[in-house]
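Dear colleague,

I am passing this structure on to you, together with some notes on what came out of it. Please read them alongside the model.

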Amino acid sequence: MSDTPLLSPRDWSSHSDYLCQPYKSTLLRGPTKPLVPLKPALKDLLAPVYGHEIVGELDHDLTRNARQNGEPIGERIVVTGRVTDEDGRPVRNTLVEIWQANAAGRYVHKVDQHDAPLDPNFLGAGRCMTDNEGRYTFVSIKPGAYPWGNHTNAWRPNHIHLSLFGQSFASRLVTQMYFPGDPLLALDPIYQGTPEKARERLVAKFSLDVTRADIALGYVFDIVLRGPQQTPMEQ
Ligand SMILES: [Fe+2]
């Protein structure tokens, strides 16, 4: 028997459409037939359990988890927030994974051929477990904007990708966190593809309390799994 709390239906009005005309690759990969509902037994399956023991001491610190011969280049940041369920309860002991471009806007991935330098001291991937309050914290480098082939002179805003399972497969969330005041947000088909009422949930808040004096700027990004205040999915 699963002890997963019953989830209310996903609030689709907070999420972008699978097929989003301005975001061209969704037209190739978005479903064109009606979705098949998951059987209740599958919906309530608990998410994979990852124990603390598999998360290394430095996995949450992207400025230290891949150093070869020095520190990564760029503006250091701290990103923290709480993961809560649709009733505001903390989602404890759940794995949060992130991936991002380096300060120059380049991913460590063979598909990324953007003419920008790789950083030998920055991998751009990290993970951590939420604590008893549902809180996670990463230290990283502010990701750079990068061009993508969606349309002429298209640039992605600074962003960090996140993946969470929460308590069950049905609360899986893959999303992107953006930075406040980014002029590219107004031009980005992915960000703009999220319904207007929910877009601001994707933008982190600058926080002087989280900022570490002389070290790193601080941002808060709270994540809600399911419910009307859910953090929007990416397409
Ligand atoms: Fe990206």
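Which spacing do the donors of the iron ion follow along the chain? They follow Y-x38-Y-x12-H-x1-H, where donors are N, O and S atoms within 2.8 Å of the metal (3.2 Å for Na, K and Ca), and sites may look incomplete since water is not among the atoms. Tyr107 lies in the loop between E2 and strand E3 (125-129) and His159 in strand E7, so the pair ties together parts that are 52 residues apart in sequence; helices (H or I, at least four residues) and strands (E, at least two) are DSSP runs, numbered from the N terminus.

This is a predicted model, in which local features need pLDDT of at least 70 and side-chain atom pairs count only at pLDDT 80 or more, while totals for chains, interfaces and linings use all residues. Residues are numbered from 1 along each chain as its sequence is written, and side-chain values use heavy atoms, with hydrogens and water left out.

The iron ion is coordinated by Tyr107 (OH), Tyr146 (OH), His159 (NE2) and His161 (NE2), at 1.9 to 2.2 Å. Tyr107, at 15% relative accessibility, counts as buried, as does His159 at 2%, buried meaning under 20% relative accessible area, exposed over 50% and partly exposed in between (1.4 Å probe, protein chains only).

Turning to contacts (heavy atoms within 4.5 Å), Ile223 touches Arg82, Val83, Thr84, Tyr136, Leu162, Leu164, Leu173 and Thr231, when residues up to four places away in sequence are not counted.

Best regards
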